[in-house]
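Hi everyone, thanks for coming.

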Amino acid sequence: QVTLVESGGGSVQAGGSLRLSCVHSGYNFGTNAIGWYRQAPGKERELVAGMSTGGSTTYAESVQGRFRLSRDYGKRTLYLEMGSLQPEDTAMYYCVRYDAMVITRQPANWGQGTQVTVFS
């Protein structure tokens, strides 16, 4: 059973930083594309950042240059380092896994989410 467990959310002042972590279990980590989505109140979920099995990354235009993905195979963990946070980054952040080696239209698995709140 695939399980994704996020941590690292919290409240931070605008301009600050946070690092989200997601521990993957129940499958061979590294054989599927993975990433992060977010959903702000009243808005649809959106892809924030994704990584293919080959390490290629894609970022939403709104976070380009401020957020960075990385992964640790030994810890089976995907990280999202978020810098220069703004109030519009406030959302529930979800870790995802795809049933493919590259980012596709819909993730196959979702974590329970971790809340990020940025105050001005």
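Let me begin with a question: does Asp89 count as buried or exposed? This is a predicted model, by the way. Asp89 counts as buried, because its relative accessibility is 1%, and the cut-off for buried is under 20%.

Where does Asp89 sit? You'll find Asp89 in the loop between strand E8 (77-82) and E9. Leaving aside neighbours within four places in sequence, its contacts include Arg38, Arg66, Val116 and Val118.

Let's take Arg66 from that list. Arg66 and Asp89 form a salt bridge, with the closest N and O atoms 2.8 Å apart. This pair links distant parts of the chain, 23 residues apart: Arg66 belongs to the loop between strand E6 (57-59) and strand E7 (67-72). At 21% relative accessibility, Arg66 counts as partly exposed.

Next, Arg38. Its side chain meets that of Glu46 in a salt bridge, 2.7 Å from N to O. Arg38 is buried at 6%, while Glu46 is partly exposed at 32%. Put together, Arg38, Glu46, Arg66 and Asp89 are linked in a network of salt bridges.

Val116 and Val118 lie on strand E11 (residues 114-119), where the side chains alternate.

Strand E9 (residues 91-97) runs antiparallel to E11, with 3 bridges, and Ala91 stands opposite Val116.

Methods. Residues numbered from 1 in each chain as written. Predicted model: local features only at pLDDT ≥ 70, side-chain atom pairs only at ≥ 80, totals over all residues. Heavy atoms only, no water. Buried < 20%, exposed > 50% of the residue type's maximum accessible area, 1.4 Å probe, protein only. Helix = DSSP H or I, 4+ residues; strand = E, 2+ residues; numbered from the N terminus. Pairing = 2+ DSSP bridges. Contact = heavy atoms within 4.5 Å. Salt bridge = Lys/Arg side-chain N within 4 Å of Asp/Glu carboxyl O.
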